[in-house]
Amino acid sequence: MKLLDGTIIRLSATDLANHVACRHLTALNRAVVEKRLEPPPRRADLALLRDLGEKHERAYLTHLEAQ
């Protein structure tokens, strides 16, 4: 979702699919585009994904060692 000329919102295919799944997400994304909300921090998401990935890898290695 992007704001063009300060008045027109351009939607992507992902924005439309997300709207079908969750209209509230569309409202949140629109608020971010219109500068009424700050976007969520991305670093926390990346850290969470990294931690979950490392946990999965450790569990898989433990599984392989047990075999």
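The model is a predicted one, and its secondary structure comes to 3 helices and 2 strands. Read from the N terminus, these elements follow the order β-β-α-α-α. The radius of gyration of the protein chain is 19 Å, well over the 11 Å that the globule rule gives for 67 residues, so the chain is more spread out than a compact globule.

**Overall dimensions and surface**

- Along its principal axes, the C-alpha trace of the protein chain spans about 60 × 25 × 20 Å.
- Of the 67 residues in the protein chain, 6% count as buried, a class that takes in residues under 20% relative accessible area.
- The protein chain exposes about 6,200 Å², and 59% of that area is supplied by carbon and sulfur atoms.

**A nonpolar patch**

- Leu25, Leu28 and Leu37 form a nonpolar patch on the surface, and together they have about 210 Å² of accessible area.

**The loop between α2 and α3**

- Pro39 lies in the loop between α2 and α3, the latter helix comprising residues 42-66, and Pro39 counts as partly exposed at 49% relative accessibility.
- Pro39 and Thr14 are 25 residues apart in sequence, while their C-alpha atoms are 17 Å apart in space.

**Charges and salt bridges**

- The protein chain carries 11 positive and 9 negative charges, and the mean positions of these two sets are 6 Å apart.
- Side chains of opposite charge can pair when their charged atoms come close.
- In this model the count comes to 3 salt bridges, and Arg30, Glu34 and Arg36 are linked in a network of such contacts.
- As for accessibility, Arg30 counts as partly exposed at 44% and Glu34 is partly exposed at 27%, whereas Arg36 is exposed, with a relative accessible area of 55%.
- Arg50 forms a salt bridge with Asp51, in which the closest N and O atoms are 3.7 Å apart; this pair counts as a salt bridge because the limit is 4 Å.
- Arg50 counts as partly exposed at 49% relative accessibility, and Asp51 is likewise partly exposed, with a relative accessible area of 39%.

Key: Residues numbered from 1 in each chain as written. Predicted model: local features only at pLDDT ≥ 70, side-chain atom pairs only at ≥ 80, totals over all residues. Heavy atoms only, no water. Patch = residues over 30% accessible without salt bridge, like charges linked within 9 Å, V, L, I, M, F, W, Y side chains within 5 Å. Areas by Shrake-Rupley, 256 points an atom, 1.4 Å probe, with all protein chains shown as cover. Salt bridge = Lys/Arg side-chain N within 4 Å of Asp/Glu carboxyl O. Helix = DSSP H or I, 4+ residues; strand = E, 2+ residues; numbered from the N terminus. Rg over C-alpha atoms; globule rule 2.2 N^0.38 Å. Buried < 20%, exposed > 50% of the residue type's maximum accessible area, 1.4 Å probe, protein only. Lys, Arg positive; Asp, Glu negative; His and termini not counted. Charge placed at Lys NZ, Arg CZ, Asp CG, Glu CD.
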